[in-house]
Amino acid sequence: MTTIDTTPPPDDSEEKQKRMNNIARSTLMLMALFAIAKAISLGQTVIIAQFFGLGPEWDAYVTANRVPATIVDLISGGALGFAFIPVFSGFLARGDKVDGYRLASRLVNVVFTVALIISAVVYMFTPWLVANVIAPGFVENPQTFEQTVVMMRMLLLGTIIFSVSGIFSSILHSHNQFLLPAVAPIMYDLGILFGVVFLLEPFGVYGVAIGTVLGALGHLLIQVPGLIRNGAKWFPEFGIRDPMLWEVFRLMLPRVIGLFVFQFNFIFMTNIASRLGEGSVSAFDWGWRLMQIPQTLIGTAMGIVIFPTLAALSEVKDDFGKRNALSGALKFILILSLPSALGLILVGQPLLSLLERGAFDASATQLVYTTLSAFTLGIIVYSMLEVLARSFYADRDTWTPLYASLAGAAINVILALWLTGILTNESPPTENVMWLALSNSLGIAFQVLVLIVLRRRRWNGFNEKSILITTGKTIVASIVMGFAVVAVAEVFAMLGLQDRLLYTIAQLSVQVAVGGAVFLISTLLLGMDEVKDMIRLLLRRNKAKLETI
């Protein structure tokens, strides 16, 4: 294999621009599809808020979903994808689709069986897990405890379905096909929305759990046509002695441990939140869900698209290309996440006030807003983590991100116990749930810092000066945007147009429009070429036929 020198070749500028344009186009498509999924999720949020607010029933659902979600992440989520895609792609590159799909079939069979066994064990021990591990605070409320147990057992069915669906997504990603895997989450959210709209009335909170299982089934079925189109074959065998199967498991192990650490953080925080009073678990979940909207649109979309590019550049040892790809991705994330974080703080309270109906009252709005504000740092650091971690996976280094996640988890645990008052106060107030959110964000920030230092050392830098300049300009533009957003709110206050639903919607619309325009103009005045490139790409995209990705 030929090693490519770090000195750029004569046509590097053209190749770099073409590569970044392709990445940007793919990312924008995924952002659009993720936006649809999040819009559906917001529809769920509005209805759920009316029915449950921050009450014990929603506490039960959120808690019940923790263990099933953890199982999915550990055995068929991101861990498996990061390990399976490089190996399966090797078969495709050699034109050996039959052996590739034989490996995929064996993996599906093994993972499905493991998911079935684990789910059966969890089903039997669900009451013990809820009472002693996940939410010991629920024991004092028998109804909430019983609802949590019943729904966790229901959601385990979705876990078994996702164990297969996750592998389907990885197969399609290996074919560089992102559309159906991106539509799959929309089907999942539609299933939940169906449960929220049609099943809440007859089944109560259990209707949401039923919708979640239906959504998991939709997540799987929507990807089947893509597999058929690519000539996928299923072989009814386990192939336990297959060395390539064990290679996947070997690469998967550190990522599994890392995801376990990530999920442990949330189980740990649910445990603490259950001790802070009724509604604390729900408030934490609301803050997390709302923070994830911009984080998914920005960080997850870019992470999914940049990973194959980084892996390909790593395969040919193109260090110069890797630096450019990583720095370009990080600048894209910072340009979008910094103003999003500030904007969510400034408009979060009126935005949440739209939910104030039914069981979701003003006190619920305030509690969720403080939690959301503490989570806004997470928009930035979680988005950066999506790309930075993948830069190590592209180099087939799955251990370094694990070590960083362990350090971040330790920071999170220590800060959460200290800031919430669990260590010093037997009955900490409900408002302390915001410190859980801040502890989580700071833990991830430390993890990102560790990865940045190590990435810089191993790649001899990755255009940090350019990134810092972009960051500084983005901060300035975001501050200017912030003043504009606040000014709009002051105008509405002077006109006495607050505390009314239609006026609140109008205020939010004007704030978003004015803030976005001011931010865009500010970046152009600051001479940010990255923004100019995005605008040119969007203009060309509107004139051309949408490319198949």
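Colleague: Of the contacts in the chain with a separation of 6 or more, what share do residues 24 or more positions apart account for?

Modeller: This is a predicted model in which local features need pLDDT of at least 70 and side-chain atom pairs count only at pLDDT 80 or more, while totals for chains, interfaces and linings use all residues. Residues are numbered from 1 along each chain as its sequence is written, and side-chain values use heavy atoms, with hydrogens and water left out. With contact taken as heavy atoms within 4.5 Å, the share for residues 24 or more positions apart is 85%.

Colleague: What percentage of the 549 residues in the chain is buried?

Modeller: Buried means under 20% relative accessible area, exposed over 50% and partly exposed in between, with a 1.4 Å probe and protein chains only. Among the 549 residues, the buried ones make up 54%.

Colleague: Where does helix 12 bend?

Modeller: Helix 12 covers residues 319-353 and reaches 49 Å from its first C-alpha to its last, close to the expected 51 Å; the expected span is 1.5 Å times one less than the number of residues. Of its 35 residues, 25 are buried. The bend is the angle between axes fitted to the seven residues ending at a position and the seven starting there. The bend is about 55°, a proline, P350, follows within four residues, and the position is V347.

Colleague: Which residues have the most contacts inside the largest nonpolar core?

Modeller: A nonpolar core is a set of buried Ala, Val, Leu, Ile, Met, Phe, Trp, Tyr and Cys residues joined through side-chain atoms within 4.5 Å. The largest one has 141 residues, and those with the most contacts inside it are L30, W58 and L436.

Colleague: Which residues are among the nine of another core that lies apart from it?

Modeller: This core includes V347, the residue at which helix 12 bends. Among its nine residues are V347, M481, V485 and L508.

Colleague: Is S439 buried or exposed?

Modeller: S439 lies in helix 15, residues 433-458, and a polar atom of its side chain is 2.7 Å from the backbone oxygen of W435. Beyond its neighbours within four places in sequence, S439 contacts N412, L415, A416 and L419. Because its relative accessible area is 0%, S439 is buried.

Colleague: Why is the pair of F88 and Y101 edge-to-face?

Modeller: Rings of Phe, Tyr and Trp (its six-membered ring) pair if their centres lie within 6.5 Å; planes under 30 degrees apart are stacked, over 60 edge-to-face and the rest tilted. The structure holds 11 aromatic pairs. In this one the centres are 5.4 Å apart, and the pair is edge-to-face because the planes stand at 70°. F88 is in helix 4 and Y101 in helix 5, so the pair ties together parts whose separation in sequence is 13 residues.

Colleague: Is N460 exposed or buried?

Modeller: N460 sits in the loop between helix 15 and helix 16 and has a positive phi of about 55° although it is not a glycine. Because its relative accessible area is 67%, N460 is exposed.

Terms used. Helices (H or I, at least four residues) and strands (E, at least two) are DSSP runs, numbered from the N terminus. A polar contact is a pair of N or O atoms within 3.5 Å; within protein, one must be able to donate a hydrogen and the other to accept it, and residues adjacent in sequence count only if both atoms are side-chain atoms.
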